[in-house]
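Student: Please take a close look at the ligand site and describe what surrounds the ligand there.

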Amino acid sequence: MDYIRKNIDEIRKRIDNSLAKSNRQPNDVLLLAVTKTVDIERIRTSLDCGITDIGENKVQELLSKYDSLNTNWHLIGHLQKNKVKYIIDKVKLIHSVDSLELAKEINRRASNLGIVKDILVEINVSGELTKFGLDFDKAKELIRSMQQLDSIAIKGLMTVAPFVENGETNRTIFKKMYQLFVDINQTSVHNKAMEFLSMGMSGDFEVAIEEGSNIVRIGTGIFGTR
Ligand SMILES: *Cc1c(COP(=O)(O)O)cnc(C)c1O
């Protein structure tokens, strides 16, 4: 499984280059390894190579791997309200909160456990192409309502940009996301700065970093084609 180490080293180099290019500090980006369809052995190899955080997009798959691995778990895929209870005490960050109803359910469950859950709000930047995420135009208003919920902490924004041959194609989208991130920080109800902008995948993470991303979610770039 040497290819995993080679891929991670290569991606870290490319992350560092993009950070340097945009005058940002080294280590200013979290490399989140996306492990959907990846077996435990290969995930272990990635953890041996310094990966600290992994992302799964399905609740069921996350639960099936959870007991075998000691790491920081992120839920990055669509979350149904009735599944919140299964993962609330297991994940460090939920990237995919895309409705007030879902935010309320996470808030209710977190409150019952006496914890505050860190979440990101998923924004739909590609219109018709994806089903999930808050409409860009309605995001600010909805986030304002979510900020009233005491047992969630809105830590930032996430987006899944369209799949493109050339990452450069998504630059406008990433710029738009960064602008929204800054805007929301300035109008935050709690006056608490948001920390994370989760954008960029195997095909476009360098452009995303240049435009301000600080969490990149990489699957195929590390583990190969699914
Ligand atoms: C699969 C997935 C990724 C990783 O995609 P790659 O192109 O394999 O890097 C990132 N984010 C989400 C939400 C995903 O489902």
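**The ligand pocket**

Tutor: Strand S5 gives the largest share of the lining of the largest pocket, three residues. Strands here are DSSP runs (E, at least two residues) numbered from the N terminus. A pocket is an open set of points on a 1 Å grid over the protein atoms alone, where a 1.4 Å probe fits, with protein on both sides within 12 Å along at least five of seven lines; lining residues have an atom within 4 Å of a point. This is a predicted model, in which local features need pLDDT of at least 70, side-chain atom pairs count only at pLDDT 80 or more, and totals for linings use all residues. Residues are numbered from 1 along each chain, and side-chain values use heavy atoms, without hydrogens and water.

The largest pocket is lined by 30 residues, with Lys-36, Val-160, Met-201, Arg-217 and Arg-226 nearest its centre. Two elements, S5 (117–124) and S7 (152–159), each give two or more residues to that lining.

The ligand takes up the space of this largest pocket; to sit there, more than half of its atoms must lie within 2 Å of the grid points. Residues around the ligand (a heavy atom within 4 Å) include Val-34, Asn-57, Ile-76 and Thr-220.

Polar contacts are pairs of N or O atoms within 3.5 Å. The side chain of Lys-36 places an N or O atom 2.6 Å from a ligand oxygen, and that of Arg-217 places one 2.9 Å from a ligand nitrogen. From Gly-219, a backbone N or O atom is 2.8 Å from a ligand oxygen. The protein covers 90% of the 390 Å² of accessible area that the ligand has on its own (Shrake-Rupley method, 1.4 Å probe).

Technical notes:
Polar contact = N/O pair within 3.5 Å; in protein donor to acceptor, adjacent residues only side chain to side chain. Helix = DSSP H or I, 4+ residues; strand = E, 2+ residues; numbered from the N terminus.
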